[in-house]
Amino acid sequence: YLSMKEAVGQIIHENVFVPLSFFYDMAPVHAASIISEYGKLLVFGGTGGVGKSSILILTALMKELNYGFYSDDFLIVNSDGFALPNYAYPKIYAYNVFLYPQLKSYLFKQRSWLNKLHWSIHKRRGLSKVRRRVAPDNLWNVFYFNKASISAYFILNRGNFRKIAVVPLELSAAASMTLNIAKAEYWSFINHIYWHIYNRELMARNPLITLDEVTRKWSDIYRHSFSNANISVVNIPLSLSHQSFISIDR
């Protein structure tokens, strides 16, 4: 980021606001998601680097799809079985602009020459070395501010596959995979739980929260939230570049 303000805002959102939801009847899903004007919510989950953000940005540029922004990195689901919109500004990296040159006009709209110079200099260090946050309404036309039921959940998976394949997935497996991804992505939060338990033991007191409790709560919420969705794993060959992936006929 160019400014400390932009970086701090991202850090506070990812390390304070989202983790706060863990203490309520909510759970995080590491996913990008889009929604139609009729409330059809499509969720794209998986580990980092599998193509979630690429799909998200593609839907912004293909206006004819008429889908709007719902979440970037993390989607929050609650015990009532609904997803909640996460309007944290999505992050646009230099490699996103490389894949989608038309993004540049949106990204640098009303930005200063210093901002553009900073981007050009740091881009030379690598396409993952520079990024910007962009307001969702600069890219998407459709907005849906209410809670919504998940219509489809796609877990993206890159591996040694010969071609792209969409494989149906059982609810229990989807909940388990989502849980493991969330625990890996929020390892710092999980680590604090272990330290909390240790410190409470030193004080001869019961912990206020345990990992077993968090795991059980998240698993229950995932199963409830995905129960009415079409769930699939999308197997993507490692040899398939992001350029080829996004150019495949929908």
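The chain has 9 helices and 10 strands. Both kinds of element are DSSP runs, numbered from the N terminus; a helix (H or I) has at least four residues and a strand (E) at least two. The model is predicted, with local features requiring pLDDT of at least 70 and side-chain atom pairs pLDDT 80 or more, while totals for chains, interfaces and linings use all residues. Residues are numbered from 1 along each chain as its sequence is written, and side-chain values use heavy atoms, without hydrogens and water.

Of the 250 residues in the chain, 48% are buried. Here, buried means under 20% relative accessible area, exposed means over 50%, and partly exposed lies in between (1.4 Å probe, protein chains only). The accessible surface comes to about 13400 Å². Carbon and sulfur atoms hold 55% of that surface. Areas were computed by the Shrake-Rupley method with a 1.4 Å probe; for residues, only the protein chains shown count as cover. Contacts (heavy atoms within 4.5 Å) were also counted between residues at least 6 apart in sequence. Of these, 75% join residues at least 24 apart.

Strand 2 covers residues 41-45. It is largely enclosed by the rest of the structure, because 5 of its 5 residues are buried. In a regular strand, side chains alternate between the two faces of the sheet. Both faces of strand 2 are covered. Leu 41, Val 43 and Gly 45 are buried on one side, and Leu 42 and Phe 44 are buried on the other.

Asn 235 lies in strand 10 (residues 230-237). With a relative accessibility of 13%, Asn 235 counts as buried. Its side chain makes a polar contact of 2.9 Å with the side chain of Asn 157. A polar contact is a pair of N or O atoms within 3.5 Å; within protein, one must be able to donate a hydrogen and the other to accept it, and residues adjacent in sequence count only if both atoms are side-chain atoms. Beyond its neighbours within four places in sequence, Asn 235 is in contact with residues including Phe 161, Lys 163 and Val 167.

Helix 7 has 16 residues, which should span 22 Å. The expected span is 1.5 Å times one less than the number of residues. The end C-alpha atoms are 23 Å apart, in agreement with this value. The buried residues of helix 7 are Phe 189, Ile 190, Ile 193, Ile 197 and Arg 200. They cover an arc of only 105° around the axis, so they sit on the same side of helix 7. The arc is that of the directions from the helix axis to the C-beta atoms. Trp 187, His 192 and Leu 202 are exposed on the other side. Helix 6 (171-185) and helix 8 are among the elements that cover the buried residues.

Just after helix 7, Ala 204 takes a positive phi of about 60°, although Ala 204 is not a glycine. Ala 204 is found in the loop between helix 7 (187-202) and helix 8 (211-226). Ala 204 is exposed, with a relative accessible area of 73%.
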